[in-house]
Amino acid sequence: MLRPMQKRDLPCVAELRSDISLQHALMASPLQKPAAIDRLQEATDWVERKEATGLFRIVSSQQDDAIGFVQICDIHFKSRFGWFGIALLRGERGRGVGWAALNAAEAVARNDLGLFKLLLQVRSDNAQAIKLYERADWRLVGHLEAHYHDGQERHDAAIYEKVLAA
Ligand SMILES: CC(C)(COP(=O)(O)OP(=O)(O)OC[C@H]1O[C@@H](n2cnc3c(N)ncnc32)[C@H](O)[C@@H]1OP(=O)(O)O)[C@@H](O)C(=O)NCCC(=O)NCCS
């Protein structure tokens, strides 16, 4: 379900990085002119940056193909928290993969990284993600008004946290 990235996973990561509406859903400011860059090199560099400050894992299918990623960023090792993120390829959503990947990431955060809690920011109109987090007992701790500007309009965001059982 979760494993370190391999070179053969780069097309999946590049596809997710080039998906403009996905990047706006993630509040991640999409790449400028993705057609004009080396997408695989950009994906490699991006994963390296993620791994330098946190954890990055590929979400893999039953056939061990890459179908998404999870990340835990900006880890504060003294207070033992980090910021969670997840994205799946479009065709892989809505079938319980997110649920399984979220549970696996929580276990990695607790057991391998020794984190006390995870936090996340989610756009307030991202109903599928919010349903997932609330069913997984994440707690809504705040709202960020007009927080993310997608170039045309501003979007509210919510902050959730989950204390990881010892
Ligand atoms: C958000 C995202 C990761 C969710 O993953 P997903 O695979 O689509 O989600 P799931 O199918 O696991 O959906 C969760 C659903 O399953 C439920 N669910 C799945 N397995 C479950 C289980 N074993 N027990 C209880 N609930 C379960 C969830 O509560 C929810 O309910 P629904 O089927 O009635 O809608 C995915 O849609 C995605 O990549 N979206 C784009 C990126 C994004 O928005 N990321 C989050 C940014 S903060």
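Two strands count as paired if DSSP finds at least two bridges between them. Strands of a sheet pair through backbone hydrogen bonds, either parallel or antiparallel. In this predicted model, strand β1 and strand β2 (residues 55-60) are joined by two bridges and run antiparallel. Within this pair, Leu2 lies opposite Val59 of β2.

**The sheet**

The sheet is open and contains seven strands, ordered β1-β2-β3-β4-β5-β7-β6, with mixed pairing. Its edges are β1 (2-3) and β6 (139-149). Each of these edge strands has a single partner, so one side of each has no neighbour in the sheet.

**Two helices in contact**

Two packed helices are described by the angle between their axes and the distance between the axes. For helix α1 (residues 10-18) and helix α3 (residues 39-53), the axes come within 8 Å and cross at roughly 90°. Angles of 65 to 115 degrees count as roughly perpendicular, so α1 is roughly perpendicular to α3. On the α1 side, the contact involves Leu10, Val13, Ala14, Arg17 and Ser18. These meet Arg39, Leu40, Glu42, Ala43, Thr44, Trp46 and Val47 of α3. Sorted by class, the contact of α1 with α3 has seven nonpolar, two polar and three charged residues.

**The shell around the ligand**

The ligand is surrounded by 21 residues. The closest are Leu88, Arg93, Gly98, Trp99 and Arg135. Two or more residues of the shell come from each of α2 (20-25), β4 (81-88), α4 (97-112), β5 (117-123) and α5 (127-135). Helix α5 gives the largest share, five residues. By class, the shell around the ligand has twelve nonpolar, five polar and four charged residues.

Arg80 is not a glycine, yet its phi is positive. Asp137 likewise has a positive phi in a residue other than glycine. The table sets out their values and places.

Note on methods. Residues numbered from 1 in each chain as written. Predicted model: local features only at pLDDT ≥ 70, side-chain atom pairs only at ≥ 80, totals over all residues. Axes fitted to C-alpha atoms, helices over the stretch in contact; angles between N-to-C directions. Helix = DSSP H or I, 4+ residues; strand = E, 2+ residues; numbered from the N terminus. Parallel < 35°, antiparallel > 145°, perpendicular 65-115°, else oblique. Contact = placed C-beta atoms within 7 Å. Nonpolar A, V, L, I, M, F, W, Y, C, P; charged D, E, K, R; others polar. Near = placed C-beta within 6 Å.
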